[in-house]
Amino acid sequence: MDALWIMLLVVLVVALVLRRLRPTWYWMTFGVTLATIRVLSRYRSVMDACGLTVPPSRWRLTLARLTNRPPPEDRSPRILRLRPTATGLVLRLKLRPGQDAFDFSASSDRLRHSFALHNVVSREIRSGVVELRMTGYDILKRVRMPAVGPDDALRVPVALREDGEVHYRDYREVPHALNVGATKSGKSVYQRTLVAGLAPRNVALVGIDCKNGVELSPLAARFTAMADNPTDAAELLTALVQYMSRVYDLIRAEQRISVGLPDAEITADIWDLPPHLRPLPVVVLVDEVAELALAANKAEEARRDRIVTDLIRLSQLGRAAGIHLEICGQRFGSELGKGITMLRAQLTGRTAHRVNDETSANMAFGDISPDAVLAAVQIDRDRPGTAVAGDSSGGWTRIRAPHTTLRQAVDTCNAHAHRTPSIPELEPFRPAVPVRVIVGKVQPKSASAPAF
Ligand SMILES: Nc1ncnc2c1ncn2[C@@H]1O[C@H](COP(=O)(O)OP(=O)(O)OP(=O)(O)O)[C@@H](O)[C@H]1O
C-alpha cells in the first residue's frame with residue numbers, strides 16, 4: 001500500500017514539474033487524457049452556462065406532454081468528433097437549428113475558462129458544422145515549428161498560429177503583403193524567417209533595406225539584387241518595372257490564341273507558361289517603407305514620387321509576372337504622402353506586430369476587421385514576434401514566428417547561394433558577396449542560375 005502511495009506521489013510530482021518546465025511533454029503524457037475527460041464530463045453544463053444550447057423542439061415538448069413526462073432539457077450541439085493533437089484538442093460540433101458559428105467565436109473566452117484550457121478558437125467548417133480548436137498550454141511562449149513536408153515553391157511556413165496550426169505565407173494565394181509594427185516588435189525577425197524559408201526554393205530575392213542594409217545585407221549571398229539607400233532603391237524599382245514589361249512580352253508571345261488551342265493552355269500569367277519558358281518568381285522585400293516614402297526637399301520629392309509610383313505599378317501588375325511585394329514599416333498611413341493608401345490597398349496580406357496606438361493598427365486592419373485592430377493593440381510588450389495576421393477577407397489569427405537568429409538565416413542563405421538566379425535588368429544591383437574561405441578552400445561568389 002505504501003509503495004502505491006509513493007508511486008502516485010512520484011507521478012504527481014513529475015506531472016507538476018513537467019507542467020511547469022516542459023508543457024509540451026506534460027501535454028503529451030498527462031494533459032491530453034485529463035483534458036479529454038474534463039471536456040467530455042463538463043460538456044453539457046458548460047454549453048448550458050455559455051448559452052450555447054437551444055430549447056427542445058415542439059414535437060419533443062408535445063411528446064413529453066402526451067406521455068406525461070417532465071419537459072426535456074435544452075439541447076447542446078452534437079459532438080461529431082473529439083481529436084487530441086500534439087498541442088490540444090479539436091472538437092467538431094453539429095449546430096442545432098437556430099445556432100450560428102458566431103455564437104461560438106463570441107463564447108470562445110468563456111469556453112476556455114470553463115474547460116480550463118489555454119485557448120479556444122472556433123471556425124466554421126461548413127454550413128452547420130463548427131470546429132473548436134483548443135490548445136492545452138501556451139504554445140506561442142516558445143515557438144517550435146512542427147516539421148512540414150516539401151511544399152509548393154511559394155508557400156512558406158513562417159509562424160505558428162495560436163490554434164497550433166502552421167501559418168504559411170502563400171504567395172500564390174496572397175501576392176503582396178504588408179507587415180507593420182512598432183520598433184522592437186519583431187518585424188525583422190519575421191522577415192528573416194521568411195527569407196530563410198524562401199532561400200531553399202527556386203525564387204529570386206530582391207531586397208530594399210534603407211537602414212543602410214543592416215537587416216538584409218548579411219543575407220546578400222541569396223539575393224539577386226539589393227539596394228541600401230533610397231537613390232539606389234529608385235533605380236532598382238525602375239529596373240524591376242522594365243523586367244516586368246519583358247515578362248509581359250513573353251506571356252503575350254506565348255498566348256497565340258487560336259481556335260484549336262485548349263482553354264487550359266491559354267495563359268495570362270507566368271504560371272501557365274510551359275516550365276522551360278517560365279521565369280522564376282521574384283519576391284521583393286522592403287524594410288522600413290517610410291525611408292522610401294518621406295522627402296525633405298524638392299529633389300527627394302521627385303525621387304519619392306518615382307519610388308511610390310513604381311511600387312504601385314508592381315503591386316497592380318506584378319502578380320501575373322510573378323513579382324511579389326513584402327513591405328515592412330512602423331506605420332503605413334496617408335502621412336507618408338501621396339499614393340501610399342493606394343499602395344496599401346493592393347497589399348492583400350496583412351500582419352501587424354505590436355503597435356503603440358490604435359491608429360497604427362488601423363493602418364493594417366482598419367479597412368478589414370475591427371476585432372483584429374483590438375488584438376494588435378493588445379499584444380504584450382514582452383512577447384516580441386507575436387503578431388496578428390489577416391487577409392482582406394476579414395479573417396485573422398494570432399501568430400508568432402520562431403526566433404530565427406541572424407546567424408541561422410545567414411547560414412541558410414549561404415548554403416543556398418548557388419540557387420541565386422541572375423536577372424539581366426537587375427545585374428547592376430547584384431550585391432557584392434565577399435569571397436568566403438571554407439575549410440581551406442576558396443569559394444567563388446555564388447554561381448548564377450539564369451532566371452529566364
Ligand atoms: N519571434 C520572436 N521570438 C522571440 N523573440 C523575438 C521574436 N521576434 C523578435 N524577438 C526579439 O525582439 C527583438 C526585436 O526584434 P526585431 O529586431 O525583429 O524588431 P523590429 O520590429 O524589426 O525593430 P526595428 O523596427 O527597431 O528594427 C529581437 O532582437 C529579439 O530578441
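1. At what angle do helix 1 (residues 2-21) and helix 2 (residues 23-49) pack? That is a handy place to start with this predicted model. The angle is about 135°, and the two axes lie 6 Å apart.

2. From helix 1 come Ala15, Leu18 and Arg19, and they meet Pro23, Trp25, Tyr26, Thr29 and Phe30 of helix 2. Sorted by class, the contact of helix 1 with helix 2 has six nonpolar residues, one polar and one charged.

3. Now for the overall layout. The protein chain has 13 helices and 18 strands, and its C-alpha trace spans about 85 × 65 × 50 Å along the principal axes. The chain is divided into domain 1 (2-135) and domain 2 (155-450). Between the C-alpha centres of domain 1 and domain 2 there are 41 Å.

4. A word on burial and contacts across the chain. Of its 452 residues, 39% count as buried. Among contacts in the protein chain with a separation of 6 or more, 65% come from residues 24 or more positions apart.

5. You will find Leu93 in strand 2 (residues 88-94). Is Leu93 buried or exposed? With 25 other C-beta atoms within 10 Å, Leu93 is buried, because 20 or more is what the term requires. Setting aside residues up to four places away in sequence, Leu93 touches Pro77, Arg78, Ile79, Leu80, Val130 and Leu132. Take Val130 from that list: Leu93 and Val130 are 37 residues apart along the chain, yet their C-alpha atoms are separated by 5.3 Å.

6. After helix 3 comes Asn68, which has a positive phi, near 60°.

7. Finally, the ligand. Around the ligand there are 13 residues, and those that come nearest are Gly186, Ser188, Val189, Pro384 and Gly385. Which helix gives the largest share of the shell around the ligand? Helix 6 (residues 187-198) does, with three residues. By class, the shell has seven polar, three nonpolar and three charged residues.

Key
Residues are numbered from 1 along each chain as its sequence is written. This is a predicted model: local features need pLDDT of at least 70, side-chain atom pairs count only at pLDDT 80 or more; totals for chains, interfaces and linings use all residues. A residue is near a molecule or strand if its C-beta atom, placed from the backbone, lies within 6 Å of it. Helices (H or I, at least four residues) and strands (E, at least two) are DSSP runs, numbered from the N terminus. Ala, Val, Leu, Ile, Met, Phe, Trp, Tyr, Cys and Pro count as nonpolar, Asp, Glu, Lys and Arg as charged, and the others, Gly among them, as polar. Domain bounds come from an automatic or database domain assignment. A residue is buried if 20 or more other C-beta atoms lie within 10 Å of its own, exposed if 12 or fewer, and partly exposed in between; C-beta atoms are placed from the backbone. Two residues are in contact if their C-beta atoms, placed from the backbone, lie within 7 Å. Axes are lines fitted to C-alpha atoms, for helices over the stretch in contact, and angles run from 0 to 180 degrees between N-to-C directions.
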